[in-house]
Amino acid sequence: MKKSALYEAFHDKERDLRFFAGDNGNPSPHFHRCIEILYITDGKLLGEVDGESFFAEKDDIIFVRPCGVHSLTPYPAYKNFVLIIKSAYADDFASILEKETLPPLLSDKKFNRTILPDLKRLGNPEEQENFLVAKGLIDIVMGKFFMRYKHLPVVTTPNLSMIINVLNYIDEHFTEPITLDSISSVFGYNKYYFSRLFNKYIGETLNSYINNVRINNIIARGKKQENMNLSQLVFDCGFDSMTTFYRSYSRRYDKPPTEVIRSGD
């Protein structure tokens with residue numbers, strides 16, 4: 001029996017574009033709501049994306065659509081460049097990717113080498129700091145991919161589709177009271193079955209996840225305020241008491257909230 005895919009939350013928590021050199025990625029099935037593009041620079045890996053298995057080697061590109069379940073196993077080792085595209089940079093083609101995607105293995109090595117300079121530019125801090133420039137480069141890369149490679153229909157499992165809808169719902173309603181009873185009712189599930197399914201895919205309880213979303217938003221909003229009122233932020237972001245906030249916050253941070261907000265952690 002295959003392992004259940006787990007939600008890789010840390011990619012979705014970050015707001016900025018990410019480009020980095022890496023190696024020997026995650027062999028466990030996982031998913032996130034960002035687009036992930038991996039350019040293999042050396043070695044070999046066994047990849048699996050949305051149930052399709054393949055080998056990838058130097059100058060191959062792996063494309064992972066938003067919420068695509070994927071795993072990357074060294075064979076025996078590999079190195080790559082990784083581009084993580086957040087939703088803010090993808091709105092020009094997000095509607096396309098809701099219905100169509102690219103093959104997980106982009107294997108035209110000659111063509112891929114023409115893409116590498118654009119990917120490397122996205123690793124330049126100066127390019128990343130200019131949102132319009134970075135977004136334009138991403139549009140160029142995605143446009144070239146869609147011109148060169150065939151399009152495939154997006155297929156997701158019913159349970160995973162529901163979980164993705166739940167995550168999106170929480171993003172939109174985290175300022176409101178959300179309970180297991182209320183959210184399972186919204187999605188038409190028995191609350192006990194819903195709870196087991198959420199824990200299976202997300203790897204934490206519903207309350208824990210919601211409170212983490214609220215904490216992320218408190219920190220993000222606090223960074224934008226010159227005269228921050230922490231207690232006001234806490235209640236505006238959906239916590240019902242400071243005690244509940246500090247209990248959840250202390251599980252993630254060992255520094256005071258004001259220090260985390262000022263430091264940019």
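D50 is partly exposed, with 36% relative accessible area, where buried means under 20%, exposed over 50% and partly exposed in between (1.4 Å probe, protein chains only). D50 belongs to the loop between β4 and β5 and has a positive phi of about 50° although it is not a glycine. The model is predicted, so local features need pLDDT of at least 70 and side-chain atom pairs count only at pLDDT 80 or more, while totals for chains, interfaces and linings use all residues. Residues are numbered from 1 along each chain as its sequence is written, and side-chain values use heavy atoms, with hydrogens and water left out.

**Overall fold and surface**

- The protein chain contains 12 helices and 10 strands, these being DSSP runs numbered from the N terminus (helices: H or I, at least four residues; strands: E, at least two).
- The radius of gyration of the protein chain is 20 Å, which agrees with the value near 18 Å that a compact globule of 265 residues would have; the radius is taken over C-alpha atoms, and the globule rule is 2.2 Å times the number of residues to the power 0.38.
- The C-alpha trace of the protein chain spans about 60 × 45 × 35 Å along its principal axes.
- Of the 265 residues in the protein chain, 42% are buried.
- Among contacts in the protein chain with a separation of 6 or more, 72% are between residues 24 or more positions apart, a contact meaning heavy atoms within 4.5 Å.
- The protein chain has an accessible surface of about 13800 Å², and carbon and sulfur atoms account for 52% of that surface; the areas come from the Shrake-Rupley method with a 1.4 Å probe, and for residues only the protein chains shown count as cover.

**Charges and salt bridges**

- The protein chain carries 33 positive and 34 negative side chains, and the centres of the two sets lie 3 Å apart; Lys and Arg count as positive and Asp and Glu as negative, whereas His and the chain ends are not counted. Each charge is placed at NZ of Lys, CZ of Arg, CG of Asp or CD of Glu.
- Side chains of opposite charge can pair when their charged atoms come close.
- Across the whole structure, a search finds 11 salt bridges, each defined as a side-chain nitrogen of Lys or Arg within 4 Å of a carboxyl oxygen of Asp or Glu.
- One of them joins the side chains of R65 and D50, with an N to O distance of 2.8 Å. R65 lies in the loop between β6 (61–64) and β7 (70–85) and D50 in the loop between β4 (35–49) and β5 (52–57), so the pair ties together parts that are 15 residues apart in sequence. R65 is buried at 5% relative accessible area, whereas D50 is partly exposed.
- K135 and D92 form another salt bridge, in which the closest N and O atoms are 2.6 Å apart. This pair links distant parts of the chain, with K135 in helix α5 (residues 131–148) and D92 in the loop between β7 and α2 (94–97), 43 residues apart. K135 counts as buried at 11% relative accessibility, while D92 is partly exposed with a relative accessible area of 47%.
- The side chains of E127 and R121 also meet in a salt bridge, at 3.1 Å from N to O; E127 is buried at 16% relative accessible area, and R121 is partly exposed at 37% relative accessibility. Elsewhere, salt bridges that share partners join E57, D60 and K109 into one network.

**Backbone features**

- Y75 and P76 are joined by a cis peptide bond with omega of about 0°, and P76 is found in strand β7.
- C67, in the loop between β6 and β7, has a positive phi of about 70° although it is not a glycine, and C67 counts as buried at 6% relative accessibility.

- V69 is found in the loop between β6 and β7, and its C-alpha lies 9.7 Å from that of S28, although V69 and S28 are 41 residues apart in sequence.
- Not counting residues up to four places away in sequence, V69 touches A5, P29, H30, F31, E48, V49, D50 and L160.
- T101 lies in strand β8 (residues 100–101) and counts as buried at 8% relative accessibility.
- With residues up to four places away in sequence left out, T101 touches F63, R65, K150, H151, L152, P153 and V154.
- T101 and S208 are 107 residues apart in sequence, and their C-alpha atoms are 32 Å apart in space.
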